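Q: Hi, could you walk me through this one? I'd like to talk about pockets and disulfides.

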Amino acid sequence: NPGAQVDSVVDQVLCNGELTNDILFTTTNIDGTTTYAWTNDNPAIGLAASGTGDIPSFTAINNTTSTIVATIEVTPTYENGGVTCAGNAETFTITVNPDAQVDSVIDQVLCVGELTNDILFTTTNADGTTTYAWTNDNPAIGLAASGTGDIPSFVVAGSSSGSEIATIQVTPTYENGGVTCVGNPETFTITVNPGAQVDSVVDQVLCNGELTNDILFTTSNTDGSTTYEWTNDNPAIGLAASGIGDIPSFTAINNTTSTIVATIEVTPTYENGGVTCAGNPETFTITVNPDAQVDSVVDQVLCVGESTSDILFTTTNTDGTTTYEWTNDNPAIGLAASGTGDILS
C-alpha cells in the first residue's frame with residue numbers, strides 16, 4: 001500500500017462571527033480508502049478540539065481584544081486489503097480577528113467661537129490595525145460632513161439664536177492578515193451654544209419723583225437660560241449701583257438744579273448643557289430732570305399811573321429750558337388776567 005497522504009489545506013483568516021469555508025480533505029492516492037483525523041489546539045475559535053472527516057462551515061468566534069489563531073493538524077490513514085497505513089500530518093491555521101472596536105468619546109459643549117478639544121479615537125484591541133471613519137450630521141458647527149481618522153481641534157460655529165447640536169458617528173475597521181472587520185459605531189455630540197444676547201432697552205427721561213417703567217430684559221435666544229447682571233454709574237437717581245435680573249419700577253430722584261443721567265450697562269449670560277457663555281453688554285440711560293423752579297419775585301407798591309419795574313423771572317436750574325406761566329387775580333391794576341414769560345413794565 002502507498003503511504004497515506006492528505007493534500008495541503010489553505011489557511012483562513014476571518015472576522016468574529018463570520019462563517020468559515022467548508023474544509024474538505026483530499027488526497028492524491030487513487031485507490032484504497034483514505035480517512036482523516038484532526039486535532040485543533042484552540043477550541044475557543046468555535047471548533048471542537050478534535051474530530052474525523054471533513055470540517056463543515058462553522059461560525060468563527062473571537063470575543064477577545066486580539067487576534068486568535070487555531071492550528072489544525074490533520075492525519076491521513078490509508079486502508080486497502082485489510083491493512084491500514086498512517087501518513088504524514090498536514091497543518092493549517094484558522095485565524096479569527098476580533099471585532100473592530102472604538103472607545104466611547106466624551107460629548108463636548110462649547111460657546112460659539114471656542115476651540116474644541118482634539119478628538120483622538122482609541123480602541124481596546126491590542127493588535128492589528130484599527131482605522132476610523134466618521135460622519136457629522138450638522139456641518140453648520142464648522143466640522144466637515146465626513147472624514148477619517150482623528151478630529152483635530154477646530155473653532156466651532158453656531159447660530160445667533162439657539163444651540164446647534166452635531167451628532168458624530170465613528171465606525172471602526174480592524175485589519176489583520178489581509179482581512180478587514182467592521183465594528184459597531186459609537187456616537188457622540190458637539191453642542192455649540194450661541195453667544196449670550198440681550199435686546200436693546202429704551203432710554204427713559206423722567207421728572208424728579210416720577211415712577212420709572214419696569215425694565216424687563218429680553219433676548220432673541222430661543223433656548224437655554226439667559227440671565228442678566230447690570231451696573232448703574234449714578235445711584236443718585238434712586239437705583240442701586242448693581243443688581244441682577246429685571247429692574248422693577250422705582251421713584252426717580254433728582255434733588256439738584258441740573259439734569260442727572262445714569263448709564264446702566266446690562267451683561268447677558270447664556271447657559272446650556274452646563275456651559276455658560278458671556279455676551280456683549282447693552283447700555284441705556286435713565287435721565288432725571290430736576291423740579292422746575294422759579295426764584296421769588298419782589299413785591300411792588302406803586303401810585304396810580306406809575307410804571308412798574310420789569311418783572312423778569314429766573315431759576316436756579318442750570319440746564320434745560322424753564323418757561324413761566326402766570327395768572328393775575330386782579331386785572332383792574334392794568335395787567336392781564338394771565339400770560340407767559342416775563343412781565344414787562
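Q: By class, which residues does the lining of the second largest pocket have?
A: Three nonpolar, seven polar and two charged residues. Here Ala, Val, Leu, Ile, Met, Phe, Trp, Tyr, Cys and Pro count as nonpolar, Asp, Glu, Lys and Arg as charged, and the others, Gly among them, as polar. This is a predicted model, where local features need pLDDT of at least 70, side-chain atom pairs count only at pLDDT 80 or more, and totals for chains, interfaces and linings use all residues. Residues are numbered from 1 along each chain as its sequence is written, and side-chain values use heavy atoms, with hydrogens and water left out.

Q: Switching topic, how many disulfides does a search of the whole structure find?
A: Two, counting cysteine sulfur atoms within 2.5 Å. One joins C15 to C181, S to S 1.9 Å, and C111 pairs with C277 at 2.0 Å.

Q: Why is the disulfide of C15 and C181 left-handed?
A: Because the torsion about its S-S bond is about -95 degrees.

Q: And where do C111 and C277 lie?
A: C111 is in strand β7 (residues 108-111) and C277 in strand β17 (residues 275-278), 166 residues apart; strands are DSSP runs of E, at least two residues, numbered from the N terminus. C111 is buried at 10% relative accessibility, and C277 is buried at 2%.

Notes
Helix = DSSP H or I, 4+ residues; strand = E, 2+ residues; numbered from the N terminus. Buried < 20%, exposed > 50% of the residue type's maximum accessible area, 1.4 Å probe, protein only.
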